[in-house]
Amino acid sequence: MSRAQEILYHVFGYTQFRGNQEAIVEQLAAGGDALVLMPTGGGKSLCYQIPALLRPGVAIVVSPLIALMQDQVSALKEVGVAADFLNSSLGFNQAMEIERALQAGALDLLYVAPERLVTPRFLDLLDHLHAEGQLALFAIDEAHCVSQWGHDFRPEYLQLSILPERYPQVPRIALTATADAQTRREIAQRLRLTEAQEFVSSFDRPNIRYTIVPKDNARAQLLGFMRDGHVGEAGVVYCSSRKKVDETAAWLQEKGISALPYHAGMGADERALNQNRFLREDGIVMVATVAFGMGIDKPDVRFVAHLDLPRSIEGYYQETGRAGRDGQAAEAWMAYSIADLVQQRRFIEQSEAGDDIKRIATAKLDALLGLCETTGCRRQRLLAYFDEDSGPCGNCDTCLHPPQTVDATESARKALSCVFRTGSRFGAGHIVDVLLGKATDKVKEWQHDQVSTFGIGTDMDDKGWRTLIRQLVAHGALAVDHERYGALILTEAARPLLRGESRFTMRLDVARPKKRTRGETTVRSADWPSPHTAEGRLLDALRQWRSSKAKERNVPTYVIFHDATLRDIARQRPTSLGDLATISGVGDRKLNAYGDEILALLEENA
Ligand code: ADP
Ligand code: ZN
């Protein structure tokens with residue numbers, strides 16, 4: 001066993017490195033620089049934490065997220081690593097104490113906010129450590145914050161270029177989960193890492209199952225999704241407005257779900273309280289706007305649901321990526337409708353941005369719509385958007401239940417003609433009424449019961465027509481006029497269809513089997529045992545034990561043990577400390593601290 005492996009096993013309790021981790025650790029341990037691109041949940045932290053323990057002195061970790069520092073440091077202390085942080089949340093005396101520990105060589109890792117790192121006072125501290133050969137490495141987390149074009153830009157990050165000038169011998173590692181090539185180049189240039197070895201991982205998150213459904217009765221659909229596989233599990237439900245967040249959270253509470261709201265309109269105290277409960281208790285569902293998520297690295301979020309369309313595939317990927325960081329099965333579920341699209345288009349149009357930006361925003365939204373309407377593998381399409389080739393995944397809705405398609409050229413023509421005959425000024429609802437020959441007040445008022453397309457669509461029902469119109473929009477034959485409240489208008493792409501020069505294939509919205517195909521009878525994740533079995537009961541007991549420990553120590557539950565570790569314990573029922581030590585997630589320190597209690601608990605539940 002190499003020393004790196006020994007640390008992985010004894011300190012962190014893991015049996016194997018993941019992906020590029022080992023190569024990155026070796027690069028740094030040998031004194032080289034690294035630029036690491038790894039998706040969320042890929043395991044970036046160990047890439048600098050293990051070299052920090054391998055090299056003499058202290059590793060300085062630059063992180064922009066104060067909330068994260070605290071949890072990272074708690075987790076490190078839990079496994080017996082001497083770690084601490086310096087940021088504006090600390091009082092003067094606390095900060096002084098940590099500075100003293102730093103000077104005395106008592107720390108293996110120190111997390112600092114970038115603005116603090118570049119102060120003369122802190123650089124002076126670093127100079128002293130450097131002179132004594134006590135700087136192990138610099139890790140720059142969330143390195144995309146250096147990009148002026150990204151939305152997480154932090155000007156202080158630009159000043160980090162001082163590090164290689166001042167401490168040329170100290171290895172540096174920059175890490176990010178932002179994939180695109182432009183950001184990568186910017187990071188390398190601005191942080192002076194052009195000579196660093198690049199480690200680029202696949203951005204696939206194989207444990208996340210993607211499902212996108214047409215919106216019908218969104219709340220009922222959401223509840224159905226949550227009850228079918230996610231009872232008692234932690235999740236995030238994204239909504240586009242504060243009002244909808246509040247309403248949805250209240251409604252879910254009525255249905256007996258531990259849901260909490262989170263949005264920027266709430267008071268800071270209440271927001272912090274809800275976030276804390278989400279991190280520290282089991283099975284909380286956070287209903288939130290996109291304001292929630294950055295800086296949450298809870299590993300056991302089992303699902304992310306979208307009740308509204310994000311703005312782009314990048315946004316969708318980032319938000320869904322918050323599920324399943326621990327590598328265990330997780331789900332990304334979204335319900336969307338044409339009304340969502342209309343709303344997003346309106347947001348774009350009404351924004352202050354220039355035309356170029358608006359055009360880009362529209363193109364991004366269209367790409368997302370393409371993902372929603374694809375008949376092919378969702379993952380393949382998602383990865384292709386990030387220039388990554390892959391085959392059908394077998395773990396998304398379209399792979400698991402291939403959608404049926406029919407030739408709908410005739411119907412498409414009817415719908416397009418109807419839009420034309422009614423003057424291209426009405427939304428989908430009215431067009432469908434006319435097609436179905438419904439003489440509503442509005443239809444009569446506009447005399448649309450007189451147009452040639454009135455009642456020509458009785459061969460399909462309301463839902464069918466809406467599906468078709470949505471797909472015509474996705475296809476680009478119809479556009480949504482945001483200035484006129486979502487009126488449908490014909491585009492160039494409608495011409496060949498109307499002229500009979502091209503055909504249109506429609507994807508049928510089929511009702512999917514209610515229960516999942518794997519683990520049919522359980523109401524939890526497919527690989528979680530039913531609470532009615534002995535293993536399930538033991539697992540519940542272990543989780544209860546974990547909750548009380550977490551409370552006692554005031555740390556999130558996952559800092560004590562991950563779900564996967566508890567599950568392995570329940571499955572394997574170790575009878576000795578030696579057996580327990582072989583389970584992934586049980587390192588020396590935790591074995592010492594909790595081993596006896598766990599074995600006693602196993603005996604009680606034998
Ligand atoms: P990232 O920062 O890339 O999103 P983290 O470093 O937070 O990812 O790691 C995600 C989760 O995976 C963490 O809970 C971590 O403990 C776990 N993990 C990382 N590496 C391994 C490994 N080699 N074996 C098992 N679990 C790991
Ligand atoms: Zn697939």
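**Notebook: zinc site, cysteines and salt bridges**

I opened at Cys-399, which counts as partly exposed at 24% relative accessibility; I call a residue buried under 20% relative accessible area, exposed over 50% and partly exposed in between, using a 1.4 Å probe and protein chains only.

A note on the ground rules: this is a predicted model, where local features need pLDDT of at least 70, side-chain atom pairs count only at pLDDT 80 or more, and totals for chains, interfaces and linings use all residues. Residues are numbered from 1 along each chain as its sequence is written, chains are lettered from A and ligands numbered from 1 in the order in which they are written, and side-chain values use heavy atoms, with hydrogens and water left out.

**Zinc**

Which atoms hold the zinc ion (ligand 2)? I found the SG atoms of Cys-377, Cys-393, Cys-396 and Cys-399, at 2.3 to 2.4 Å. Donors here are N, O and S atoms within 2.8 Å of the metal (3.2 Å for Na, K and Ca); water is not among the atoms, so sites may look incomplete. Along the chain, the donors follow the spacing C-x15-C-x2-C-x2-C. The angles among the four donor atoms run from 100 to 118 degrees, and the site is tetrahedral (four donors with all angles between 85 and 135 degrees). For reference, the ideal angle for four tetrahedral donors is 109.5 degrees. I also looked up Cys-393, which is partly exposed at 25%.

**Cysteines**

How many disulfides does the structure hold? I counted zero, taking a disulfide as a pair of cysteine sulfur atoms within 2.5 Å. Cys-47 has its closest cysteine sulfur in Cys-145, 18 Å away and too far for a bond. Cys-47 is buried, at 0%, and Cys-418 is buried at 0% too.

**Salt bridges**

I used a side-chain nitrogen of Lys or Arg within 4 Å of a carboxyl oxygen of Asp or Glu, and the count came to 37. One of them joins Arg-503 to Asp-407, with the closest N and O atoms 2.9 Å apart. This pair links distant parts of the chain, 96 residues apart, with Asp-407 in strand 14 (residues 405–407); strands (E, at least two residues) and helices (H or I, at least four) are DSSP runs, numbered from the N terminus. Arg-503 is exposed at 60%, while Asp-407 is partly exposed at 46%.

Next I checked Glu-552 and Lys-549, which meet at 3.5 Å, N to O. Both lie in helix 23 (residues 534–553), three residues apart, about one turn of the helix. Glu-552 is exposed at 58%, whereas Lys-549 is buried at 10%.

Last, I noted a network of salt bridges linking Asp-282, Arg-302, Asp-326, Arg-546 and Asp-563.

Conventions
Tetrahedral: all angles 85-135°; square planar, octahedral: opposite > 155°, others 65-115°.
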